[in-house]
Structure formats: structure tokens, C-alpha cells
Amino acid sequence: MPAESQSFMHPFNHTDLEAAITDMRAKSYYGFAMLLQMLNGTSQPTRELTFLMPDDRELSASSISADGIEEFLLSHAIPMPLYFNDLSHFPTGTLVPSGISSKMMRIHNRGRGDFFVNNAQIVTANVCLSSVIKCHGIDAIIEYDA
């Protein structure tokens, strides 16, 4: 695991993780739910998070290695629980931390129908509502500047 990623290694409220996965499945984010389940048992989130979830079509086109799942998930996470209403208060240009300490996400806020995190547009807000973990559907794999 890269040194810059913040580990999932400490116990997390398993019930919250399962509730979030159930919410993801209910909105057809099966691939992202499966990635979280693949880590279940070896590592789990240590804190409340907001996941930004690419849809299954985007995930199937990406190349995520088995040992890169945790880094992928952290690169698609904000280390605080945020509903879309919370995100919508960030003005364009705001930098927010990702789950990887060396990577920041830039907000492009032009309203509910035109809200981007780096290159990815939020297309389904507030998918996870049954736990402290929040998540939103996005239309692309998040890219970071080198």
C-alpha cells in the first residue's frame, strides 16, 4: 500500500458499512459495492467518509488491480460525511482533501445539475442515506493532475 494513503486498517462500525453497501446496491452501484466488499475482512474505513462512485460501466472500463482497490476507493473518497447540500456550499475552485493525503479534489459548482469534483460530474446525489457514510454517483473515474 502506498505510504501516502490513509489506511482502512482499523475497525469501523460494520453496520454502517453494510447499510451504505445496501444503499449502493439499491441505486445500482453494484461494482462500487463489490469493491468495498472485497476489502471487507482485510481492511475497512476508519472514519466517516463520502464516497464518489463511478457507475458500473465506468468501473468495468478501468483497470483496478487487486492490490490497488484500497487506493482506488480512497481516491474516490472525501474524509468527512457530506450530503449533496453540504457539498453545494463549496464555491468553484475550492480544494477538498481526498482519502489520499497527497491528493486534493477541486470543486466546480454551477448548481445541482452541473456540479463536478475534478473531472467527474455528480449525477446521483445522496445515494447513501442509511449510515454515517455518505455517497454520490459520478459519471467518470476521478482523475488527478500529476
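Analyst: One term before we start: two strands pair if DSSP finds at least two bridges between them. Also, this is a predicted model.
User: Okay. How do β3 and β4 pair, and over how many bridges?
Analyst: They run in the antiparallel sense, over 3 bridges. Strand β4 covers residues 104-109.
User: Which residue stands opposite Val-96?
Analyst: Met-105, in β4.
User: What about the whole sheet? What's the strand order?
Analyst: The sheet is open and has 7 strands. The order is β2-β1-β7-β6-β5-β4-β3, with mixed pairing.
User: Which strands stand at the edges?
Analyst: β2 (77-78) and β3 (95-97) do. Each has a single partner strand, so one side of each is left without a neighbour in the sheet.
User: Which of its residues are buried?
Analyst: In α1, the buried residues are Asp-16, Leu-17, Ala-19, Ala-20, Ile-21, Asp-23 and Met-24.
User: What do they pack against?
Analyst: The buried residues of α1 pack against α2, β1 and β7.
User: And just after α1, what happens at Ser-28?
Analyst: Ser-28 takes a positive phi there, about 70 degrees.
User: Now the core. Which residues touch the most other members of the largest nonpolar core?
Analyst: Met-24, Phe-32, Leu-36, Phe-51, Met-53 and Leu-73. The core has 23 residues.
User: Which elements give two or more residues to it?
Analyst: α1 (14-26), α2 (30-39), β1 (50-54) and α4 (69-75). The largest share comes from α2, with 5 residues.
User: Next, aromatics. How many pairs are there?
Analyst: The count comes to 2 aromatic pairs. In one, the rings of Phe-32 and Phe-51 have their centres 5.4 Å apart. Their planes are at 65 degrees, so this pair is edge-to-face.
User: Which parts of the chain does that pair link?
Analyst: Distant ones: Phe-32 is in helix α2 and Phe-51 in strand β1, 19 residues apart. Phe-32 is buried, at 0% relative accessibility. Phe-51 is buried too, also at 0%.
User: And what are the numbers for Phe-84 and Phe-115?
Analyst: That pair is edge-to-face, 5.2 Å centre to centre, with 70 degrees between the planes. Phe-84 lies in helix α5 (residues 84-87) and Phe-115 in strand β5 (residues 115-117), so the pair ties together parts 31 residues apart in sequence.
User: Are these two buried or exposed?
Analyst: Phe-84 counts as buried at 4% relative accessibility. Phe-115 counts as buried at 0%.
User: Last topic, His-136. Where is it?
Analyst: His-136 sits in strand β7 (residues 134-138).
User: Why is His-136 classed as buried?
Analyst: Because its relative accessible area is 0%, and buried means under 20%.
User: What does its side chain reach?
Analyst: The His-136 side chain reaches the backbone oxygen of Leu-82 at 2.8 Å. It also reaches the backbone nitrogen of Asn-126, at 2.9 Å.

How values were computed
Residues numbered from 1 in each chain as written. Predicted model: local features only at pLDDT ≥ 70, side-chain atom pairs only at ≥ 80, totals over all residues. Heavy atoms only, no water. Core = buried A, V, L, I, M, F, W, Y, C linked by side-chain atoms within 4.5 Å. Buried < 20%, exposed > 50% of the residue type's maximum accessible area, 1.4 Å probe, protein only. Helix = DSSP H or I, 4+ residues; strand = E, 2+ residues; numbered from the N terminus. Polar contact = N/O pair within 3.5 Å; in protein donor to acceptor, adjacent residues only side chain to side chain. Phe/Tyr/Trp six-rings, centres within 6.5 Å; stacked < 30°, edge-to-face > 60°. Contact = heavy atoms within 4.5 Å.
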